[in-house]
Amino acid sequence: MRRTSGRVVALLVAGVFALSGCTTGSGDDAAGDGSAGGEPAAPVEATGSARTVTGSMAETTADVPGDAGMPGTLTLTLRAVDVSEQTMTVRWALRWDGDDAEPDAALSYYDMGLGTAVSVIDPTNLKAYRPFCTDGTWKGEAVDAVRCKASMLASARDEVGSKFPNHGTVEGWASLPAPEGRPATVDVMPIEGLPGFTQAEVTYLDGDS
């Protein structure tokens, strides 16, 4: 699996979402709305979210964004991309190492200018996927997207309250719609604003590849 820069993946996300916005029918499902016609959806079970994964598919390290006012590096580890029936579960971990910061210091997503909404892209089929949500929709008005992000099936959601302790590793996960066509690999951006991963291998838990 190749590593890629956050800028390249971000551009790819924007392009694929622009394309999927011109589709109908399954396009809304691919974006992970979890709703139809803009109505709030019933809660969706995070299938497979209890499975413990501690491995590492790939890893990338970047400097803490300058606006955070804290030195150090961020190490993002992609642990797994699992598909079980209609649900894709992405798991990752993030570690902040601020050697010049206080040992008990902590940074939030907001402090670092990062976002919590995961994006998964299937570049071959030009499909983009975002987490299920129980309120709002990713493809509606801006307020609908805000409601969707606040209710998405993911950890973390809260960009202000979710903290990263110095030299501590925080695990994360998100539940998204299973990709159409059973692609062998996808591109994954676990955290908005950090470098993502290309050609991440998808594991189909039903045993068929």
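Tutor: Begin with how elements are named: helices and strands are DSSP runs, numbered from the N terminus, and a strand needs at least two residues. Strand 11, for example, covers residues 197–201, and Q199 is part of that strand. Keep in mind that this is a predicted model.

Student: Is H167 buried, partly exposed or exposed, and why?

Tutor: Buried means under 20% relative accessible area and exposed means over 50%, with partly exposed in between. H167 has a relative accessible area of 36%, so H167 is partly exposed. Q199 counts as partly exposed because its relative accessibility is 37%.

Student: How many disulfides does a search of the whole structure find?

Tutor: A disulfide is read from the distance between two cysteine sulfur atoms, which must be within 2.5 Å. The search of the whole structure finds one. The two cysteines are C133 and C148, with 2.0 Å from S to S.

Student: Which parts of the chain does the pair link?

Tutor: Distant parts: C133 belongs to the loop between strand 6 (127–129) and helix 4 (142–150), while C148 is in helix 4, and the two are 15 residues apart. Both C133 and C148 are buried.

Student: What is the handedness of the link between C133 and C148?

Tutor: Look at the angle about the S-S bond, which is -90° here; the link is left-handed.

Student: Which residues are joined by a cis peptide bond?

Tutor: For this feature, look at omega. The cis bond joins S155 and A156, with omega about 20°. A156 is found in the loop that runs between strand 7 (154–155) and strand 8 (163–165).

Student: Which residue lies over the face of W138?

Tutor: For a charge over a ring, look at the distance to the ring centre, which for CZ of Arg must be within 6 Å, and at the direction relative to the ring normal. R130 lies over the face of W138, and its distance from the ring centre is 4.6 Å. R182 takes up such a place over the face of Y204, at 4.1 Å from the ring centre.

Student: How many aromatic pairs does the structure hold?

Tutor: The structure holds one such pair.

Terms used. Residues are numbered from 1 along each chain as its sequence is written. This is a predicted model: local features need pLDDT of at least 70, side-chain atom pairs count only at pLDDT 80 or more; totals for chains, interfaces and linings use all residues. Side-chain values use heavy atoms; hydrogens and water are left out. Helices (H or I, at least four residues) and strands (E, at least two) are DSSP runs, numbered from the N terminus. Buried means under 20% relative accessible area, exposed over 50%, partly exposed in between (1.4 Å probe, protein chains only). Rings of Phe, Tyr and Trp (its six-membered ring) pair if their centres lie within 6.5 Å; planes under 30 degrees apart count as stacked, over 60 as edge-to-face and the rest as tilted. A charge sits over a ring if NZ of Lys or CZ of Arg is within 6 Å of the ring centre and within 35 degrees of the ring normal.
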